[in-house]
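Welcome! Please take a moment to look over the sequence and the model below, and then we can walk through some of its features together.

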Amino acid sequence: MRFYLLGGAAIALAAVAFFLIASKPEGANAEINVAAVAEEAVLNLYSARHYDTDQRLYSDFTEATGIQINRLEDSASALMARIQAEGANSPADILMTTDIGRLWAAEEADLFQEVSSNILESRIPAKLRDPDGQWFAFSQRARVIFYDKARVDPADLQTYADLADPRWEGMICTRSSSNIYMLSLMAAQIHHMGEDAARAWATGLWNNRARDPEGGDTDQLRGIASGQCAIAVANTYYFARALRREVRGLANPEDTSRIGVIFPNQQTTGAHVNVSGGGILAHAPHPENARLFLEYLASDSAQAYFSAGNDEYPAVEDAPLAPSVASLGEFEADDLMLIILGQNQRLAQEIYDEVGYR
Ligand SMILES: [Fe+2]
């Protein structure tokens with residue numbers, strides 16, 4: 001059980017808030033109680049997560065705290081441009097987005113403030129948060145290899161490096177190199193292989209393309225179902241979602257049972273993992289409410305939603321997995337500090353550009 005009080009300034013305002021998070025080891029039913037809040041009971045959330053199921057995250061927080069969430073959804077780049085244009089007058093308290101590349105870009109643009117929170121620091125593993133507390137990851141997704149069971153022997157395809165093997169010429173589908181997931185995947189290869197090998201890897205992968213990159217991750221999986229791609233690179237939640245509910249072009253079980261999943265690099269670095277996450281903005285008008293919200297996102301009940309609602313992996317260790325996610329199997333994840341993926345973003349784009357990967 002964890003318990004804390006807000007700081008002295010709030011007490012001086014005689015509007016003391018406290019939050020009680022009872023984290024039960026068995027999981028999903030954290031209790032949250034709030035007595036009062038020093039700030040107006042409002043939180044302005046700018047979110048680039050567009051998952052319907054996230055609604056439960058917001059309504060549960062409001063129910064527990066009385067803090068109303070005003071949510072503005074847009075693309076990460078549009079939200080970041082807006083925050084910059086609004087400057088010190090921005091009403092935004094929190095930016096939530098997907099991909100470490102975007103969290104890193106927001107940090108580079110000085111959009112976040114540093115947050116110190118015992119709850120966040122104890123619940124979120126160090127590799128999944130900024131060392132200075134500017135951003136925190138709340139869910140994880142692995143970017144892995146999917147394959148047509150009729151065309152590929154997974155014994156031949158156990159690593160990211162294997163994707164560049166000429167034996168797969170004309171067989172692999174990926175999305176475009178300008179996509180942030182592809183940039184972060186390259187950023188990881190740069191870290192593990194070194195720059196020159198990463199360049200050679202990008203060349204090999206490009207040469208193995210079944211078609212010029214098109215569409216999102218689900219389109220790569222559809223490519224396997226349609227027979228255009230023998231191999232695809234995609235995030236785990238797109239496939240887990242297709243196992244759980246109807247996804248156009250991916251009939252279950254006709255198509256999904258044809259698709260196998262390989263968690264790469266299990267004998268070496270572990271599978272590449274990316275995140276969604278957020279941070280408190282530098283000019284947040286409601287920083288205490290914002291911190292309460294981030295701490296809520298790290299609670300057992302919120303963590304369970306990330307998996308059950310969007311088929312992601314929780315960020316908090318031992319938080320429960322949705323059945324669709326668990327069915328993908330256990331795997332070793334790359335344990336590099338996410339911030340390294342941020343630092344390698346620019347070089348990743350340069351390498352893709354250099355080798356002509358579109
Ligand atoms: Fe996605």
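## The disulfide

The structure holds 1 disulfide. Keep in mind as you read that this is a predicted model. A disulfide is a covalent bond between the sulfur atoms of two cysteines. Here the partners are Cys173 and Cys229, with 2.0 Å from S to S. The torsion about their S-S bond is about -80 degrees, so this disulfide is left-handed.

Where do the two cysteines lie? Cys173 sits in strand E8 (residues 172-173), while Cys229 belongs to the loop between helix H8 (217-226) and strand E9 (231-235), so the pair ties together parts that are 56 residues apart in sequence. Both Cys173 and Cys229 are buried.

## The iron site

Now turn to the iron ion. Which residues are its protein donors? They are Tyr181, Tyr237 and Tyr238, each through its OH atom, and they lie 1.8 to 2.0 Å from the iron ion. Along the sequence, the donor residues follow the spacing Y-x55-Y-Y. Tyr181 in helix H6 (residues 180-193) and Tyr238 in helix H9 (residues 236-244) are 57 residues apart, and this pair links distant parts of the chain.

Are these two tyrosines buried or exposed? The cut-off for buried is under 20% relative accessible area. Tyr181 has a relative accessible area of 8%, so Tyr181 is buried. Tyr238, at 14% relative accessibility, counts as buried too.

## One face of helix H2

Helix H2 covers residues 55-65, and its buried residues are Leu57, Tyr58, Phe61, Thr62 and Thr65. If you look down the axis of H2, these buried residues fall within an arc of 125 degrees, so they line one face of the helix.

Just after H2 comes Gly66, which takes a positive phi of about 75 degrees.

## A buried aspartate

Our last stop is Asp255, in the loop between H9 and strand E10 (259-262). Asp255 is buried yet has no salt bridge. Arg258 is the nearest side chain of opposite charge, and it is 5.3 Å away. A salt bridge would need a side-chain nitrogen of Lys or Arg within 4 Å of a carboxyl oxygen.

What does the side chain of Asp255 reach? It reaches the backbone nitrogen of Ala251, at 2.8 Å.

Key: Residues are numbered from 1 along each chain as its sequence is written. This is a predicted model: local features need pLDDT of at least 70, side-chain atom pairs count only at pLDDT 80 or more; totals for chains, interfaces and linings use all residues. Side-chain values use heavy atoms; hydrogens and water are left out. Buried means under 20% relative accessible area, exposed over 50%, partly exposed in between (1.4 Å probe, protein chains only). Helices (H or I, at least four residues) and strands (E, at least two) are DSSP runs, numbered from the N terminus. The arc is that of the directions from the helix axis to the C-beta atoms. Donors are N, O and S atoms within 2.8 Å of the metal (3.2 Å for Na, K and Ca); water is not among the atoms, so sites may look incomplete. A disulfide is a pair of cysteine sulfur atoms within 2.5 Å. Lys and Arg count as positive and Asp and Glu as negative; His and the chain ends are not counted. A polar contact is a pair of N or O atoms within 3.5 Å; within protein, one must be able to donate a hydrogen and the other to accept it, and residues adjacent in sequence count only if both atoms are side-chain atoms.
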